[in-house]
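Have a look at the model first, then read on.

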Amino acid sequence: MSLPAAALHDTPASAATLPPSPEAVAAVTRALAAAFGNRLVTSLAVRQQHGHTLTWIPNQPPDAVVFPQSTEEVAEVVKLCGAHGVPVIAFGTGTSLEGHVNAPFGGVCVDMSQMKEIIAVHGEDLDCVVEAGVTRKELNENLRDQGLFFPIDPGADASIGGMAATRASGTNAVRYGTMKDNVLALTAVMADGSIVKTSTRARKTSAGYDLTRLLVGSEGTLGIITEVTLKLHGIPEAISAGVCPFPSVKAACDATIVTIQSGLPVARIELLDDVMIRGVNLHSKLGLPETTMLFVEFHGSEAGVKEQAERFGEIAAEYGGGPFDWATKAEDRSKLWQARHDAYWAAKALRPGFDSVATDVCVPISRLAECVEETKRDIDAMGLIAPIAGHVGDGNFHTQPIVDLNDPEEVARSQGFIDRLVKRALAMGGTCTGEHGVGQKKIKYLEAEHGAPALAVMRTLKRSLDPQNILNPGKIIAL
């Protein structure tokens, strides 16, 4: 498939910092319809689905949605849009939380859901190559019979391309790292339509600039990721998981800090405060005591897992934690971790009919207890329902105000709370987002975190790689 050559030159290219003209959008839409047929959709319902943001930012739909089936087709779409100055927004599964997939300037959404090929699995090298539309669960279903798994597990069944673009994380990050640690190479379509391969399958390289790390976390603003080469891991011989109650958030955080500082190789250590546990019980029918909990998991040999669990039990007891409730059967562990992954929806069960505005920060592990405790006090002072859950083994936690978006005063209180949360994290040497990304919502915090000179470098990179600002404009960097 190729687009008509004339379609690339019907109108001059224009900057995308303002919405493109109706004529430019019409020209692009006609050319895409001719090339893609029914894989080009312009119905309002589908366009609004692709602008869904799970935030209080209004839905900003694209002008059209196209469903490519190859890297070459993505390149054709980008070339066409570039010729007309029309924005291009990459879309994985639409589960990002900070407005990443909104189209504030209109344009064409490139939905990667038909790019599902698992291109190669190299079991002997512990890596694989997949197209961007493969989801994490689909990949692990494919890998299971080979005794392998991919460990990065954000709450949603996100696409691998979207996870790379947002530098995603999850419950396993404390042991296995985040997407930046597990992506070896990428194939990406750049703003001029060129196709770039950023690296090889080698586990280390000193050859040239690290384009892989540049694109991982760039949120589709520097290039559209179409293929990803990932590190894999062997499925552990033994897995032990359980829940441990604590008398307070501070006690649970202090136990986490000591666990990490002592070098205990915990695979997962997740905090859920008493409010989140109430939501989890309502949504997932767990019947847990409504107090602060740590969900914990260990990977390794039978003897190693037993020893690790016993040592963690000793640490927890020092901070008033326990008793443990261990999930020894695989189905019980799955139920436990599915409940944790469903925490976003569980939080909404605390106030049915209202909207959830999830946010996250990350701080150095030594400041975790202080940051979470101050955040809990702020929530109480504001009279908010805002449960807390977090991947606390690496200092990352989330809070989720449940808000009546039709009440301006309540929205203002919630926005003020999130502003203070970010300022608190930054003051403690942390970041405005550990894994959600910047999107639209967190642009305003970047200068405070990085400083004006660093932000200027980011803008220079953006302008150099995307001079028309057509790749996901209005995200990360305000131009």
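1. A quick definition to start: accessible areas here come from the Shrake-Rupley method with a 1.4 Å probe. On that basis, the chain of this predicted model has an accessible surface of about 18900 Å², and 53% of that belongs to carbon and sulfur atoms.

2. Now the overall build. You'll find 17 helices and 20 strands in the chain. Its radius of gyration is 23 Å, close to the 23 Å that the globule rule gives for 479 residues, so the chain is as compact as a globular protein of that length. Along the principal axes, the C-alpha atoms fill a box of roughly 70 × 60 × 45 Å.

3. How much of the chain is buried? Of the 479 residues, 57% count as such. As for contacts between residues at least 6 apart in sequence, 73% of them join residues at least 24 apart.

4. On to the cores. The largest nonpolar core has 52 residues, and Leu-271, Leu-294 and Phe-312 have the most contacts inside it. Elements giving two or more residues to this core include β13 (266-272), β14 (292-300) and α11 (302-318). Apart from it lies another core, of 27 residues, among them Ala-24, Ala-75, Val-86 and Leu-471.

5. Beyond its neighbours within four places in sequence, Phe-312 is in contact with residues including Cys-244, Leu-294, Val-296 and Phe-324.

6. Thr-187 counts as buried because its relative accessible area is 5%, under the 20% cut-off. Its side chain makes a polar contact of 3.3 Å with that of Lys-197.

Note on methods
Residues numbered from 1 in each chain as written. Predicted model: local features only at pLDDT ≥ 70, side-chain atom pairs only at ≥ 80, totals over all residues. Heavy atoms only, no water. Buried < 20%, exposed > 50% of the residue type's maximum accessible area, 1.4 Å probe, protein only. Polar contact = N/O pair within 3.5 Å; in protein donor to acceptor, adjacent residues only side chain to side chain. Core = buried A, V, L, I, M, F, W, Y, C linked by side-chain atoms within 4.5 Å. Helix = DSSP H or I, 4+ residues; strand = E, 2+ residues; numbered from the N terminus. Contact = heavy atoms within 4.5 Å. Rg over C-alpha atoms; globule rule 2.2 N^0.38 Å.
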